[in-house]
Each structure stands twice: as C-alpha cells, then as structure tokens.
Amino acid sequence: MLSQPIILRFLLSCLLLAGLTACNSLQKEIVIPQAPYEQQLVVECYLEQGKPYRLLLTESVNYLAPPQVPIVNNATVKISYDGQTDELESKALIDSTNRKGYNYILEKEVTGTENTEYTLELTDPKGRKVTGNTRFLPQVPIKKIDWGFNDKAKAYLTVTLDDPPTEQDYYRLLVTIDSLTGEVKTQFVFDDLINTNHEITLGTRYNFEDGDTIFVSLFHIDKPYYDFLQSANTAANANGNPFGQPSQVKSTVKGGIGIFTALVYDRKRIIIKKKP
C-alpha cells in the first residue's frame with residue numbers, strides 16, 4: 001500500500017506533466033489586430049523677417065509603421081498677407097547650415113513688420129486641406145546676461161529681460177554652445193506670470209566652462225506656439241515611459257498636424273570668461 005506522501009508526489013507529478021502538455025499545445029503565434037489609422041498631413045513652417053519662405057510637408061504614420069517620413073509633394077501651398085498671396089514651389093532643399101530639409105520653397109524674403117498677419121492655405125493632391133495663421137509679435141530684447149563659477153570651475157548663466165506690461169506674454173529661451181546649431185545646453189518655455197515688477201530673470205545649471213562661446217536666443221512667441229512646445233515636450237517625456245500619461249501634441253494648424261508660426265527673437269553671442 002502506497003503511503004500518503006508518495007501518493008501526493010505522484011499526483012503532483014501527473015498535474016505538472018499535464019500542465020506542460022497543455023502549454024505546449026497552446027503555443028501559437030498571436031497577431032494583434034491594429035486599429036484603423038488615418039494618415040494626416042504634417043506641416044512645419046517658420047517665418048522669419050528677411051529670410052526666404054521654407055516649408056516641409058510630410059504625412060503622419062502609424063506608431064508601429066517602419067521608421068520613415070513620407071514626403072508629400074505637388075501640393076498647392078499659398079501664404080497670404082497684407083492683401084497679397086505668395087505661392088511656394090514644390091522643390092526639395094537641404095539647408096546644411098540649419099540641418100533641415102524642406103520640400104516647398106520660395107526665394108523671396110519675408111517682409112512682414114510687427115503685427116503683420118500671415119495666413120497659410122495648403123491643399124495636397126488628395127484634396128486634404130490645412131490652414132493656419134500667425135503674426136509677428138514685438139521683439140523683447142535681452143536686458144542682461146551674467147554668469148558665475150562654482151568651485152569646480154563650472155559656470156552658470158543668468159538671463160534677464162523686461163516683460164512688456166500690456167498683455168500676457170510667452171517666451172522661449174534657447175542656449176547653445178559653439179554655434180546656433182550646436183548642442184542645446186538650456187531650453188525654457190515660459191510665460192510672464194513669473195515676472196517681478198515686469199522683470200524676468202532665468203538661471204541655467206552649471207553647464208559651461210571658461211572660454212566657451214555661447215549663443216543665447218530669446219523668442220517672443222504667441223500662445224498657440226507656446227502650447228505646441230509645451231505639449232511636444234510632454235509627449236517626448238512620456239514616450240517610452242510605461243507609467244507616463246499619453247499626450248497629444250497641440251498643433252497651430254487646422255486640418256492636419258504641425259506648426260506654422262512667425263519667429264521674433266533677440267540673440268546674443270558671448271564668451272564666458274572668469275572675472276578678475
């Protein structure tokens with residue numbers, strides 16, 4: 001007669017064998033169906049006074065699609081202002097200086113002055129339409145740039161500006177090293193709610209060394225561009241984070257995704273030196 005422990009071991013062995021057999025029979029490739037995805041036009045266009053027209057038009061892709069950027073050519077791209085309309089040519093251009101690519105250009109300088117409003121109207125060969133509007137804001141100059149060193153010979157910057165008292169304003173501060181397209185050391189997007197007596201001072205980390213050449217750019221931006229930058233930053237931080245909340249980028253255009261805005265900025269080039 002078998003003892004109780006031996007019977008239990010025998011039963012457990014049978015259950016384990018049955019479980020393994022069942023698992024083997026269940027092994028099959030599972031294909032997860034993807035939800036239907038409607039591709040959208042993606043626009044990137046920045047207007048700068050004294051610079052030619054440049055625009056990149058692509059198409060969005062499914063998250064699981066191969067890593068590629070579908071270029072959309074042969075669209076009708078018009079930009080209107082002050083009662084006149086300019087049409088951009090469907091032509092590829094690589095800007096090696098700014099490390100950007102475009103597929104719609106017009107070799108005509110943007111001449112808009114303060115508060116000049118620009119309207120974008122774009123129609124692709126499939127009949128999809130994208131519209132947007134923007135205007136040139138007043139320039140807000142950089143009032144002062146200062147720096148200091150810690151005991152490890154690393155320097156920080158402080159940047160001060162006078163905030164106009166008329167309305168709520170939005171800004172982007174960009175600090176790069178060696179060139180305008182160099183490594184971004186500091187980037188802030190902020191509004192004027194942080195001002196003290198209409199003055200705003202921002203400080204960086206100890207990112208710099210004696211002798212570094214620094215480019216400081218202060219952009220005066222509108223609310224739609226501010227929302228775009230903030231949402232893009234939130235989406236980038238959540239990407240790949242399983243605990244991050246999904247975030248949608250807030251576009252400044254209608255009928256598609258992307259940015260159409262006028263850039264107004266003040267820029268300073270400085271060389272950091274230890275003070276005697």
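Over the ring of which residue does the charged end of Lys274 sit?

1. The charged end of Lys274 sits over the ring of Phe149, 5.6 Å from its centre. A charge counts as over a ring if NZ of Lys or CZ of Arg is within 6 Å of the ring centre and within 35 degrees of the ring normal. Arg172 is placed in this way over the ring of Phe219, at 5.7 Å from the centre.

2. The model is predicted: local features need pLDDT of at least 70, side-chain atom pairs count only at pLDDT 80 or more, and totals for chains, interfaces and linings use all residues. Residues are numbered from 1 along each chain as its sequence is written, and side-chain values use heavy atoms, with hydrogens and water left out.

3. Tyr81 and Tyr118 form a stacked pair, 4.8 Å centre to centre with 25° between the planes. This pair links strand E3 (residues 76–81) to strand E6 (residues 117–123), its members being 37 residues apart. Strands are DSSP runs of E with at least two residues, and helices are runs of H or I with at least four, numbered from the N terminus. Tyr81 is buried at 4% relative accessible area, and Tyr118 is buried at 0%; buried means under 20%, exposed over 50% and partly exposed in between (1.4 Å probe, protein chains only).

4. Tyr46, Tyr225 and Phe228 form one aromatic cluster.

5. There are twelve salt bridges (a side-chain nitrogen of Lys or Arg within 4 Å of a carboxyl oxygen of Asp or Glu). One of them joins Lys100 and Glu44, with the closest N and O atoms 3.2 Å apart. Lys100 lies in strand E5 and Glu44 in strand E1, so this bridge ties together parts that are 56 residues apart in sequence. Lys100 is partly exposed at 35% relative accessibility, as is Glu44 at 24%.

6. Lys143 and Asp162 meet in a salt bridge of 3.4 Å, N to O. Lys143 belongs to strand E8 (residues 142–149) and Asp162 to strand E9 (residues 154–162), 19 residues apart. Both are partly exposed, Lys143 at 49% and Asp162 at 39%.

7. Within helix H2, Lys223 and Asp227 are four residues apart, and therefore separated by about one helical turn. Their side chains meet in a salt bridge (2.9 Å, N to O).

Technical notes. Rings of Phe, Tyr and Trp (its six-membered ring) pair if their centres lie within 6.5 Å; planes under 30 degrees apart count as stacked, over 60 as edge-to-face and the rest as tilted.
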